[in-house]
Amino acid sequence: MTEYLAGALILAGLLFFIAGSIGLLRLPDMYSRLHALTKADNVGLGLLVAGLAIRAGDPLTAMKLVLVWVLVLGSSAVSAHLIAQRARHRERGAWNP
Amino acid sequence: MFTEQVIYGLAGIGLFSLGLRMVFSAGALLRRVLAINFAGAGLFLLLIAVAYQGTGAVPDPVPHALVLTGIVVAFSATALALALGRRLRELSDDR
Amino acid sequence: MEPIVWMLIDMLLAVALVALGWASLASKDSRRAVVLFIGFGLLLALVWVRLRAPDIALAEAAIGAGLTGALLFSALGDEAGASPAGEQATAPTSAPLWHGVLLTVLSMGLAIVLGIAFVYALGHADPARLADEVYVNLADSGVSNPVTGVLLNFRAYDTLLELAVMLAAVLGVLALGPARPGYPASGPVFLALTRWLVPLLIVTGGYLLWAGAHAPGGAFQAGALLAAAGVLLRLAGDPAGGLPRGVAFRGLLVAGVAAFLVVGLAVMLAGRPFLDYPVNWAGSLILAIETAATFGIAATLVTAFVCGRPEQRPEKHRLAANARVQPRVEANGGERS
């Protein structure tokens, strides 16, 4: 039973990754590509981690996997913010109050 | 002899010859340093493929130690090469 | 899972590796080549796990992909600011076409010869390996992780020389000129990430250092994590990347080599050969050397990334001071100066 649940979660995560990659290739604008990539990949990784945590066995390994997901969330959010901010500054100039 | 060994070993040999080919013809210094890094990665693949003993047995740790030191030394050499290139550019700019 | 599925996965990974290498070396844009190299490094870390080499996977992800990628990115900035005269000095003149064809033919020939030799050697390998001697003597080495045992005990001399090679490279980098200019103090978002990540990196580095005796880990991986923390600090606005100044800086750089030499000569005073640890001291001596080597490796990697002697910082707590003071002064039109 847990095997099927874990397999379903991992498969759902893979689908989100595929959706994010298709968005990366097909969306027109850099900002929309960043948006698709960050959001879809983070959800996909979360589902993947959930499926792997169910299969893990002991709670310590599961918590380590969740920690990996939290770190990826934080760093990908900050990277996307930095990339978008830099592109924006190059288009319009830096914010000058 | 395991299939993983053959597959990854041949991939390593391919990467090594690819890197070696591009070292002589790539143009900018950064490209050639990149090619050397790829060639090094190919050699590491070859070493670790030889050290692999199958999913049941433990692998041979001696090539692992060699590759570990190799990774760190490759980084140091890359840093020195890029610093030399930067200095060379500065000196040529002053001319 | 059936072996045929694993073989398909292996072939996919191997083809992806070579394809990434080709794409990176063949692309016209330097930035794209560096990004593809970082992706290649991460895929290679996956392959190391597949080949049952977790220590190398850790080192590859941290140093091979992460730190080398960051180093190449900061070197991209050098190229962008170069004048045509400077660019000409480091780029060779365009070669005739038959050079490229000859090189391709030669490298393909080399690949074929090496491939045939490799497959033949795999089939006719000598069953007696060094690994057997390692596993026989591992219990006396003071650690239970065989890679750490080989690195820090059986082949400790090689590791000492390797740390000396790193020191020589960083001395070369220091001798070549001042560091690259630092970055301006970053905005609050990146600063918040740095405030969380740097302590986490330090703690994880300490854990890897301790765990290296019985699990994948060790001085190199721990040093790489500390170096990553230093790179983060430099990107957030500290031009020294967390490195100290003066004597402390020089002491950190030589820490690994010095620890090895001190331990090696101390056992000589006890009447044993150089670096031949007594069996019941081996574990503690290895831990002591690894601790010093962690700091030395971290300082060396950050100095190589900074590409020179770290700048003198004007005042303490520069990161926090810049982030808090500057916007307020600007918003009030400089009234509060």
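1. Let's start with which chains touch. Two pairs of chains touch, and the pair with the most contacts is B and C; two residues are in contact if their C-beta atoms, placed from the backbone, lie within 7 Å. Chain A and chain B share no contact, and their closest C-alpha atoms are 20 Å apart.

2. A word on reading this model. It is predicted: local features need pLDDT of at least 70 and side-chain atom pairs count only at pLDDT 80 or more, while totals for chains, interfaces and linings use all residues. Residues are numbered from 1 along each chain as its sequence is written, with chains lettered from A and ligands numbered from 1 in the order in which they are written.

3. Now for confidence. The predictor gives the complex an ipTM of 0.95 and a pTM of 0.90. Chain C has an average pLDDT (the predictor's confidence in each residue, from 0 to 100) of 87, and 88% of its residues score at least 70. Do look out for residues 325-337 of chain C, where pLDDT stays under 50 and the model has six contacts beyond four places in sequence. Where pLDDT is low, the predicted coordinates should not be read in detail.

4. Back to the B and C pair. Here 79 residues of chain C are in contact with 63 residues of chain B. On the chain C side there are 52 nonpolar, 17 polar and ten charged residues. Nonpolar here covers Ala, Val, Leu, Ile, Met, Phe, Trp, Tyr, Cys and Pro; Asp, Glu, Lys and Arg are charged, and the others, Gly among them, are polar.

5. Chain C has two domains, 1-79 and 140-337, with bounds from an automatic or database domain assignment. Eleven residues of domain 1 of chain C are in contact with 15 of domain 2 of chain C. The domain 1 side of chain C comprises eight nonpolar residues, two polar and one charged.
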